Amino acid sequence: MPKSESSQLQLEDLAILLPKPPTALVDLPSKGNFYRPEQLKEGKIELAPMSAREEKLVAGMRGSNIEEVIDSLLTRCIKSPITPDELLVTDRFYLLLALRANSYGEIYNIELTCPYCEIRGKYEVKLPSDLTVQYAKETDHEPFKVKLPSGLVVGFRLLRGKDLKDIKRNSEITTSKGYACEGEPSYLYRLAKQIVSVNDKSLDMLVAQELVSRLPAKDSAVLKHAYDKKTPGAITTIKKPCVSCTKEIQTELPMTAEFFRPDYGTEESIDG
C-alpha cells in the first residue's frame, strides 16, 4: 500500500527539519589591519560551519591536494566578501581552526609520547582557545621597515594565500630542475616574496631573489626575526602534563585525521 502524502518526507520539509546553521563571527589575529575596509567589519570574518558537502571534500584529501581542499572549504564557508587567496597565511590557518571548532566542537583529541617516560597517552586540546594568539597592534600597517646590521633598510609585507600557491609552484619548478639537494628549494624565494623595497627603492622579484641570496647571514636572521615579530597568528606550541609522570610535554600541535574526522564513539540507537 503506497504511503500517503502526509507520511512521506518532502523537499520543502527539509527547511524545517534542517534549519540553516548559525554562522560565527571570528576575530582574526590580524584585526583586519591588512585588508580593505569593505572586506571585513571590525576585523571579523563571518564563517558558516561545514556540512556533509564539505565533508565530501575532506574525504578526498590527499597529500598532494591538501592546500586545494582547504581553499575549497574556506571558499564555501566564508560568508564575508573576501577570498582565501587574499587572506594572510596566518589568518587563513586561524580560520581553519575556527572552522573545525564551529563544525565539530572545540575538543580535538590527540596522542602524544612523553619524552621523559616514553609513555604514549591521550590528550584533549581546545581549539583555538588553548593556543596563544599573537594579535596585530592597531598601529601595524604594511609595508613594515627594518634596518639590517649591514645598514640596509628593507621594507616588507606579510604573505597571503596566493603567495603560498606561487611559492609552491616555484618549489616544484626548482625541484624538477634537480636543485632539491641544495637545501630547501623555496627558502630564498619565500624571503624575496616579502620584500617590497630597499632603502626606499622598489624592486622586482628577480632583484629581490638576488638580494636575499647575497645577504650576510646576520642580515638574513634579523630580517626573518622582523617578519616573525610582525606576523599575527596562532602559536601552535602546546603544553600538556604527562598522564603518567606528570612532567610537561611541549610540542607542536599535531595535525591528524582526527582534525576533520573526529571519532564520536558508538552512535546512540533508538528502538521503536
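The expected span of a helix, to begin with, is 1.5 Å times one less than its number of residues, where helices (H or I, at least four residues) are DSSP runs numbered from the N terminus. What you see is a predicted model, in which local features need pLDDT of at least 70 and side-chain atom pairs count only at pLDDT 80 or more, while totals for chains, interfaces and linings use all residues. Residues are numbered from 1 along each chain as its sequence is written, and side-chain values use heavy atoms, with hydrogens and water left out.

Let me take helix H8 (residues 217–230): at 1.5 Å a residue its 14 residues should span 20 Å, and its end C-alpha atoms are 20 Å apart, which agrees. Its buried residues, buried meaning under 20% relative accessible area with a 1.4 Å probe and protein chains only, are Asp219, Ser220, Leu223, Ala226 and Tyr227. Seen down the axis of H8, these fall within an arc of 125 degrees, taken from the directions from the axis to the C-beta atoms, so they line one face of the helix. The face turned away carries Ala217, Lys218, His225 and Lys229, which are exposed, that is, over 50%.

Note on methods:
Helices (H or I, at least four residues) and strands (E, at least two) are DSSP runs, numbered from the N terminus.
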